[in-house]
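Here's a quick briefing to read with the model open beside you. Take a look at the structure, then work through the points below.

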Amino acid sequence: MLLITSFSICIIHMFLYFFKDLSNKIFTFPEETNTAHVRVTTSRQDLRAVTVCFRSFTDLNRDHSLFSLATPSAINNFLIFKKAANGLFDLWARGKANKVEGIAYKLNTWHSICSTWDSTSGLMQLWVNGVPSSKKFTNSGSNINGPIIIVLGQEQDTHGGGFDIKQSFVGMMSDVHMWDYTLSRCKIQNYSNNRSFMPGNVLNWNAFEFQTVGRVLIENKQELCQ
């Protein structure tokens, strides 16, 4: 009986470790590396549509991954990738990409970034600080099916690995949410403007299931002095 109780306590501690309320917290990725990342877990393994939102801060002027979702059937099943050129992003869904250009994007500034994709239309769109890009066709007709691995800080070239140091993210990231539907314009702008919004039903920053690998720090948000 004592053994069962001790085991139960151990399981509870593990649960608390992996599920955390990260309100007012940030992930800090302080160096270029091909190992350090955050691996995010979700029980949802069949996605007909996707919206991902997060806030990021970096001084990188090279290619780097911002959000990488891979499955065995498609390594770039949902990928938000910042290119070196100013204002240029690659958006991937179901293994196919499209470029988004002309985005207002400054270094050393916090940005609210959202991207949507729908399997019926195949359309993908990027939002930066509440401003939308043109909609682009990527891939339609099939859902994103698991096993899903989501990685922050690196771009997956294999399912859960294959990291390239020259595609790694260096900077800070916070407020990561993911939904299994496309958010409306108003809801995305509410998120971008720090207004009230419904947390993600796939990933929720306030109840985040994750594991850090390598030098990734969990820090308090830096508030501006009044």
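Does C186 count as buried or exposed? At 54% relative accessibility, C186 counts as exposed (buried means under 20% relative accessible area, exposed over 50%, partly exposed in between, with a 1.4 Å probe and protein chains only). Keep in mind that this is a predicted model, where local features need pLDDT of at least 70, side-chain atom pairs count only at pLDDT 80 or more, and totals for chains, interfaces and linings use all residues. Residues are numbered from 1 along each chain as its sequence is written, and side-chain values use heavy atoms, leaving out hydrogens and water.

**Confidence**

- The protein chain has an average pLDDT of 91, and 91% of the residues score at least 70 (pLDDT is the predictor's confidence in each residue, from 0 to 100).
- Residues 1–17 have a pLDDT below 50, and beyond near neighbours in sequence this stretch makes zero contacts in the model (contact means heavy atoms within 4.5 Å).

**Cysteines**

- A disulfide is a covalent bond between the sulfur atoms of two cysteines.
- The structure holds one disulfide (counted when a pair of cysteine sulfur atoms is within 2.5 Å).
- C53 and C114 form it, with their sulfur atoms 2.1 Å apart.
- The torsion about the S-S bond of C53 and C114 is about 115 degrees, so this disulfide is right-handed.
- C53 sits in strand β5 and C114 in strand β10, so the pair ties together parts 61 residues apart in sequence (strands are DSSP runs of E with at least two residues, helices are runs of H or I with at least four, and both are numbered from the N terminus).
- C53 and C114 are buried.
- C186 is in no disulfide, and the nearest cysteine sulfur, that of C114, is 13 Å away.

**Aromatic rings**

- There are 12 aromatic pairs (rings of Phe, Tyr and Trp, using the six-membered ring of Trp, pair if their centres lie within 6.5 Å; planes under 30 degrees apart count as stacked, over 60 as edge-to-face and the rest as tilted).
- One of them joins F29 and F169, whose ring centres are 5.5 Å apart with planes at 80 degrees, so the pair is edge-to-face.
- F29 is in strand β2 (residues 25–29) and F169 is in the loop between β15 (149–152) and β16 (171–179), so to speak 140 residues apart.
- F29 and F169 are both buried.
- F57 and W110 make a tilted pair, at 5.6 Å centre to centre and 55 degrees between the planes.
- F27, F29, F169, W205, F208 and F210 belong to one aromatic cluster.
- W110 counts as partly exposed, at 35% relative accessibility.

**Charges over rings**

- R55 lies over the face of Y191, 4.1 Å from the ring centre (a charge sits over a ring if NZ of Lys or CZ of Arg is within 6 Å of the ring centre and within 35 degrees of the ring normal).
- K82 lies over the face of F89, 5.4 Å from the ring centre.

**The sheet**

- Eight strands make an open sheet in the order β1-β17-β3-β15-β6-β7-β8-β9, with antiparallel pairing (two strands pair if DSSP finds at least two bridges between them).
- β1 (19–20) and β9 stand at the edges with a single partner strand each, so one side of each is left without a neighbour in the sheet.
- Strand β6 (residues 64–71) runs antiparallel to β15, and three bridges join them.
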